[in-house]
Structure formats: structure tokens, C-alpha cells
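Dear colleague,

I am passing on the structure we spoke about, with some notes on its backbone and surface. Please read them beside the view below.

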Amino acid sequence: MDSQKFREGMSQFATGVVVVTGIESGSLVGFAAQSFVSLSLEPPLVSICPQIASTSWPRIREGLDFCINILGEGQRSVSEAFAVVGEVAAIDWEPSKVTGMPVLEGSIAHIDCRLRSEHEAGDHTVVIADVVDLEVHDQTSRPLVYFRGSYGGFSSD
């Protein structure tokens, strides 16, 4: 399969955008992701898929706990700030109630996670995590969506 053809085909699937956050030496570290899914209700599990070349995931993994922040449609700049390799985004955050991991200001929900397992898969790592807590911050905001290489919103009309 030609990689460009594969990329083009996969871009036809709209995804939500999340930022995975953790703490390293007391400071925020994180990365933007579209590979996020609810995996199981019993027990509550989620999955993310960071790139193997990610510089942020190994730093987050060290602490075992991390937070998945679901972005709202007005948070494109937040996603872009966490997409820059090797830089730490200057974003306001507060510690989650259970693990103390960073909850980004303005996220429409967050999911507190604890690393369960990892599996190498091509150029990504499939991460499975136990959900230890979650909180919905805003039930009226719409999610930030990524489709065909561009950010957008969602309309329920």
C-alpha cells in the first residue's frame, strides 16, 4: 500500500482532538492526538496511539498516570501548541482531583488515566490505560474535529 494513498484514505474519517498531558519534574508535558478511543466499559479502559518517535510520550509514561483532555472547537491553538515537537506549550492548567495530572483550561472534558499496557504497532505505540476518573466540564461546547487535514467543528443539526 502506498503511504500517501493510505494517508489520503484515512483523512476521510473525522476524529476528535485530544491533548495527552503529564508532569515531568513538576512541569507540564504533553502532545496532541487524534488516535484516541474508548476501549471498554467493564473495566473502563481507553486507548491512545502516540508515534514511536514521540519525545513527549516517554516523558509522560515515566509517571504512569496521565490525563486526556478533550478539546472544544475553539481550542485549535491549543492543539497546535502541543503539536510542536520538543517544545512545551504555555497553557494554563490545574491538577486533576485524583492523579494530579494537568487538566487544560477550556477542555470540555478530561479523563484521568493510569498506564496498563503498551504494544508496538508500526510507527506508533498502542497504549491501553485504566480510567481512574473523568469529568465533563462543559456539556454545551462542541468538540474540535480534524478532517481531511484541517480543523473544524461539529453541528448536530
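In which loop is the place of L64? L64 lies in the loop between α2 (57-61) and β6 (65-70), where helices (H or I, at least four residues) and strands (E, at least two) are DSSP runs numbered from the N terminus.

This is a predicted model, in which local features need pLDDT of at least 70 and side-chain atom pairs count only at pLDDT 80 or more, while totals for chains, interfaces and linings use all residues. Residues are numbered from 1 along each chain as its sequence is written, and side-chain values use heavy atoms, with hydrogens and water left out.

Most residues other than glycine have a negative phi, and most peptide bonds are trans. L64, however, has a positive phi, near 70°, and is partly exposed at 48% relative accessibility (buried means under 20% relative accessible area, exposed over 50%, partly exposed in between, with a 1.4 Å probe and protein chains only). R148, in the loop between β11 (145-147) and β12 (150-152), also has a positive phi, near 50°, and is exposed, with a relative accessible area of 53%. The peptide bond from E42 to P43 is cis, with omega near -5°, and P43 sits in the loop between β4 (36-40) and β5 (45-48).

Turning to the surface, M10 belongs to helix α1 (residues 3-10) and is exposed, its relative accessible area being 51%.
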